[in-house]
Amino acid sequence: MIRALCPKRRKKFFSNNTQLFFIALMGVVFLAIFAYVPLFGLVLAFKEGDNRINVLQTIFYGKWVGLDNFKAVFQDWSFKDVFINTISLNAIMLLINFPAPIIFALFLNEIKHRHYKNAIQSITIFPTFISWMSFGGIFLALLDMNTGVLNPLLIKLGIITENTLVNFGEPQYSWALIIITSLIKGTGWGSIIYTASISGINPEIYESAEMDGAKRFRVMFQITLPAMIPTILVYFLLSIGGILGNNFEQFYVFQNVVNLPKTEVLATYSYAQGISYKRYSFATALGLIQSIISLFLLLSSDKIAKKLTGRGIY
């Protein structure tokens, strides 16, 4: 009788999860095509492929040059400045942008009116679905020195005069502009995972705290925040591992001839070298160096986190 039931159970399990298996399979296919198959192109970092017309032919039949392309990266006169820009700007963004979704999720959780809460969440998430080219273009239009609305507003507030208009395209404003726009665009979306983490907390804990007379801020910092620690730790470690990685569009849209020395990061530098100057092997070697450093940072931070807190990614 047990043997007779087993095939039915397997058939029932499979039929109930067909869609889930299909969705998971699409994820595997996506990773295989766009993440693992392109890894074969890394051989270009060890071959002479700069300024070649047929890159695919170079991958298969190009001349091996060993580590010459890596030496060229480290000897490039602008690589040091670009690397410092990337590390410095991303470190500042990590200090400012990483806590923002956590704080936002904590305060959003304290809103008891469901419709009001949903409205705020929808408004803050909406910028995520706008491309950086459009989103950055809106800010550039608002901040334009001649046609933007910010300079007239500052004049009315008495902060500046018509003779001292602010050009937000200058280098001293570039980092602040990039950080503020990324904060506006990413805070709402980044809070989703933390909101989901908060929803998993047992409601009875909140009821017990309320019966004991605990105030809302005390509940927030002694119950809600500690329950979010595992999620926060995982995302913090991933953020450290990606400290050399940047959204190309985010930086490219704000770059101009004047502020380029301050806004050039590895993502835009790699694009310029690989696409604009056709230094394919150079750009591949640069990307491989970036990936190796990011992997080292991720594994190191994970090991330190395990020693200090007993928790990590792996």
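**Note on the predicted model: pocket, cores and selected residues**

1. The largest pocket has a volume of about 860 Å³. A pocket here is an open set of points on a 1 Å grid over the protein atoms alone, with protein on both sides within 12 Å along at least five of seven lines. A cavity is instead a set where a 1.4 Å probe fits but cannot get out. Volume is the space filled by probe spheres set on the points, which are joined across faces, edges and corners.

2. Ground rules. This is a predicted model, in which local features need pLDDT of at least 70 and side-chain atom pairs count only at pLDDT 80 or more, while totals for chains, interfaces and linings use all residues. Residues are numbered from 1 along each chain as its sequence is written, and side-chain values use heavy atoms, with hydrogens and water left out.

3. Pocket lining. The largest pocket is lined by 26 residues, a lining residue being one with an atom within 4 Å of a point. M93, N97, F98, G186 and S239 lie nearest the pocket centre. Two or more lining residues come from each of α5 (79-97), α10 (171-199) and α12 (216-241). Helices are DSSP runs of H or I with at least four residues, strands are E runs of at least two, and both are numbered from the N terminus. Helix α10 gives the largest share, nine residues.

4. The lining of the largest pocket has 12 nonpolar, 13 polar and one charged residues. Ala, Val, Leu, Ile, Met, Phe, Trp, Tyr, Cys and Pro count as nonpolar; Asp, Glu, Lys and Arg count as charged; the others, Gly among them, count as polar.

5. Main core. The largest nonpolar core has 19 residues. Such a core is a set of buried Ala, Val, Leu, Ile, Met, Phe, Trp, Tyr and Cys residues joined through side-chain atoms within 4.5 Å. Buried means under 20% relative accessible area, exposed over 50%, and partly exposed in between, with a 1.4 Å probe and protein chains only. L89, M93, F168, I178, F251 and F254 touch the most other members. Helices α5, α8 (132-143) and α10 each give two or more residues to this core. Another core, of 14 residues, lies apart from it and includes F79, V82, A285 and L288.

6. Which residues does F254 contact, leaving aside neighbours within four places in sequence? F254 is in contact with W132, G136, F139, L140, L177, I178, T181 and N259. Contact means heavy atoms within 4.5 Å.

7. Helix α10 residues. S191 lies in α10 and is buried, with a relative accessible area of 0%. Its side chain reaches the backbone oxygen of G188 at 2.6 Å. That is a polar contact: a pair of N or O atoms within 3.5 Å; within protein, one must be able to donate a hydrogen and the other to accept it, and residues adjacent in sequence count only if both atoms are side-chain atoms. S191 also touches P101, F104 and A105, not counting residues up to four places away in sequence.

8. Around α11 (residues 203-211). At its start, a side-chain oxygen of N202 reaches to within 3.1 Å of the backbone nitrogen of E204. Just after α11, G213 takes a positive phi of about 85°.

9. Is E110 buried or exposed? E110 counts as buried, at 13% relative accessibility. It sits in the loop between α6 (99-109) and α7 (114-125). Leaving aside neighbours within four places in sequence, E110 is in contact with R216 and M220.

10. Positive phi outside glycine. N51 has phi near 65°. It is in the loop between α2 (18-36) and α3 (55-61) and is exposed, at 54%. K278 has a positive phi of about 60°. K278 is in the loop between α15 and α16 (280-309) and is partly exposed, at 42%.

11. Helix α15 (residues 266-276) holds G274. G274 is buried, with a relative accessible area of 5%. Leaving aside neighbours within four places in sequence, G274 is in contact with R279, Y280 and A283.
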